[in-house]
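User: I'm new to this one. Can you walk me through it?

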Amino acid sequence: MDVLIRNNYKDMSLCAARIIAALVREKPNAVLGLPTGSTPIGTYKELVRMHREEGLDFSGITTFNLDEYLGIGKDLSKPYAQDQSYARFMWEELFKGIEIPLEQTHVPDGWTKTPEAYCAQYEDAIRQAGGIDLQLLGIGGNGHWGFNEPGTSLASRTQVVTLTQQTLDDNWALFYSKAGGRREEMPHFAITMGIGTILEARRIVMLASGSGKAEIVARALEGPVTAQVTASAIQLYPGNTTVILDEEVAAKLSRIDYYRHVERVKAQYHTLLY
Ligand code: GLP
């Protein structure tokens, strides 16, 4: 696990965007796993800029989003309707800006009437696309990946979850500030890729910023591996992981000097994977 500590949110975002851009250039038909939330917005902005100003080409890329609220979402008669779904978030923050063909993007369908069967289909679709080359992740305030709330099995597959009150509270601002709406409309259920699904990606890049998440990030990266902090599954990941943090969120890590040392030495020997 490479832990890269950047000065601020902007530098964290640029670093993540460069990693994704390098993959897109190297493998124009790559499959990306994508998160929502405030954390990846800067990364998405930079990818849009690279597309517009540097011609970064997403026309062959396929994407799978981590999760979606149940009961809202893509109205198929009106793609990316003005709602509070993650499908809309992705359209606004990334898809329209990088001009990716929409049929190559996948966000779990929040309108599905058969969620269990739908979850299995979502897993199949990932498999048929050849698996995820790079999974970008944030981390929730309670340590979740996707919507895998505390207590979710670290072997879980795509499934329906019940959201915790903390997640509803944490996500409230983003849910409503951009779209308007009433709190009682906030869904209590969601579809999320499982932790087992996420761990099958060929590369994981996790982002976190801000002092509010310093404690939970330290628990996820350096605490015990536990289903109570589902992002701690990163410690079980067998492959190449890059964690990109800003100074504030890194403040409670106990091995920060070592992480900086690793980055310096790898840069010196040109073995950094970004
Ligand atoms: C939601 C998403 C997660 C995301 C988390 C953090 O719960 N389901 O995938 O990591 O929000 O959001 P933020 O980046 O806004 O802190």
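Analyst: Here is a short tour of the pocket and the ligand. The model is predicted, so local features need pLDDT of at least 70, side-chain atom pairs count only at pLDDT 80 or more, and totals for chains, interfaces and linings use all residues. Residues are numbered from 1 along each chain as its sequence is written, and side-chain values use heavy atoms, with hydrogens and water left out.

User: How much space lies in the largest pocket?

Analyst: About 400 Å³. A pocket here is an open set of points on a 1 Å grid over the protein atoms alone, where a 1.4 Å probe fits, with protein on both sides within 12 Å along at least five of seven lines. The volume is the space filled by probe spheres set on the points.

User: Which residues lie nearest its centre?

Analyst: Gly-37, Ile-139, Gly-140, Asn-171 and Lys-213, out of 22 lining residues. Lining residues have an atom within 4 Å of a point.

User: Which helix gives the most to that lining?

Analyst: Helix H5, residues 165-177, with 5 residues. Helices are DSSP runs (H or I, at least four residues).

User: Now the ligand. Which space does it take?

Analyst: The ligand takes the largest pocket. That means more than half of its atoms lie within 2 Å of the pocket's grid points.

Methods: Helices (H or I, at least four residues) and strands (E, at least two) are DSSP runs, numbered from the N terminus.
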